[in-house]
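Me: I would like to learn how to read the features of a model like this one. Please take them one at a time, general idea before the case.

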Amino acid sequence: MELAETRIAEIYHNPGSVFSAEDQASKVLGYLKDTGRYEAVASGGGRVGIVTVRDLLGVDQPDRTKVESIWEQVGAVDPDFTVIDVAETLMEKGVRALPVVERGEVKGIISQSDILGSLTSVNELKAVAAKDIMRSPVTTLTSEDGIAQARRIMLDRGISHIPVTRDSKLRGIVTAKDIVHAFIAPAGKTTRGERVGEKVPKIPGQVSGIMDAQPLTVGVDGN
């Protein structure tokens, strides 16, 4: 309960950059790749929103796509909001992060990762087993399945991670971040012979080529 009632002013993080609604998606992509973050904040015209790696997964021409056409406008929270308030809003909206705004100014971003980081010190969670909160059944792919197929499943089902199996055993995991950073070029990263904003009709290759072959795992009785 102590954590639940904690003000998010104590745990939210500085976004580093706040993008304009008019910025190109490739600019956000470059920022996310350089920082290793999953989401960025954008504002414009009195509006504020979030752009995530999964939003960029559906973009074929990042240099011709404006942030305002892909961002998620799910509202904002105040630094005085509590952790439980934010957690409930994240679940209700089905998003991973929210902008933190005070008197019309973007102060930061609060994400699932920020909350999870705080939960590591909560002793009560040691009594909660993974099987009590995990999602099942889970969508999987084989290592021979195509990256384009993984991308389509993520877009269709609104997920960002897919386990990769062989003979019913886990062999790896492929994520939206893996696909975006491998195949969608950020600003200034096009190679010679490419045209800026050129549409890529299909992402080639098998998921085995980009998956993490040694993903972290936990047993169903783990906590």
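Reply: Helices and strands here are DSSP runs, a helix having at least four residues and a strand at least two, and they are numbered from the N terminus. The model is a predicted one.

Me: Is S143 buried or exposed?

Reply: Buried means under 20% relative accessible area. S143 has 2% relative accessibility, so S143 counts as buried.

Me: Which side chains make polar contacts with the side chain of S143?

Reply: A polar contact is a pair of N or O atoms within 3.5 Å. The side chain of S143 has one with the side chain of E144, at 3.1 Å. Another, of 3.2 Å, links the side chains of S143 and R166. If neighbours within four places in sequence are left aside, the contacts of S143 are V164, T165, R166, Q206, V207 and S208.

Me: How should I read strand pairing, and in which sense do β6 and β7 pair?

Reply: Two strands pair if DSSP finds at least two bridges between them. Strands β6 (residues 141-142) and β7 (residues 161-166) are parallel, with two bridges. T142 stands opposite T165 of β7. On β7 there is also an antiparallel pairing, with β8 (residues 169-175), over six bridges. There, I162 has V174 in β8 as its bridge partner.

Me: How do I read the sides of a helix, and which residues of α3 are buried?

Reply: An α-helix has 3.6 residues a turn, so residues three or four places apart point the same way. In α3 (residues 83-93), the buried residues include V83, V86, T89 and L90. These lie on the same side of α3 because they cover an arc of only 130° around the axis. M91 and E92, on the other side of α3, are exposed. Among the elements covering the buried residues of α3 are β4 (97-102), β5 (105-111) and α4 (112-119). After α3 comes G94, with a positive phi near 70°.

Me: Which residues touch the most other members of the largest nonpolar core?

Reply: In soluble globular proteins, nonpolar side chains tend to be buried together. The largest nonpolar core here has 34 residues, and those touching the most other members are L56, M154, I162, V174 and I179. At least two residues each come from α1 (25-35), β2 (39-44), α2 (53-57), α6, β7 and α7 (176-183). With five residues, α1 gives the most to this core. A second, separate core has 13 residues, including V83, L90, L98 and V100.

Me: What does I179 touch, apart from residues up to four places away in sequence?

Reply: I179 touches L57, I147, A150, R151, M154, V174, I184, I203 and I210 on that basis.

Me: And is T175 buried or exposed?

Reply: T175 lies in strand β8. Its relative accessibility is 13%, so T175 counts as buried. Leaving aside neighbours within four places in sequence, T175 is in contact with M154, S160 and H161.

How values were computed: Residues are numbered from 1 along each chain as its sequence is written. This is a predicted model: local features need pLDDT of at least 70, side-chain atom pairs count only at pLDDT 80 or more; totals for chains, interfaces and linings use all residues. Side-chain values use heavy atoms; hydrogens and water are left out. Buried means under 20% relative accessible area, exposed over 50%, partly exposed in between (1.4 Å probe, protein chains only). The arc is that of the directions from the helix axis to the C-beta atoms. Contact means heavy atoms within 4.5 Å. A polar contact is a pair of N or O atoms within 3.5 Å; within protein, one must be able to donate a hydrogen and the other to accept it, and residues adjacent in sequence count only if both atoms are side-chain atoms. A nonpolar core is a set of buried Ala, Val, Leu, Ile, Met, Phe, Trp, Tyr and Cys residues joined through side-chain atoms within 4.5 Å.
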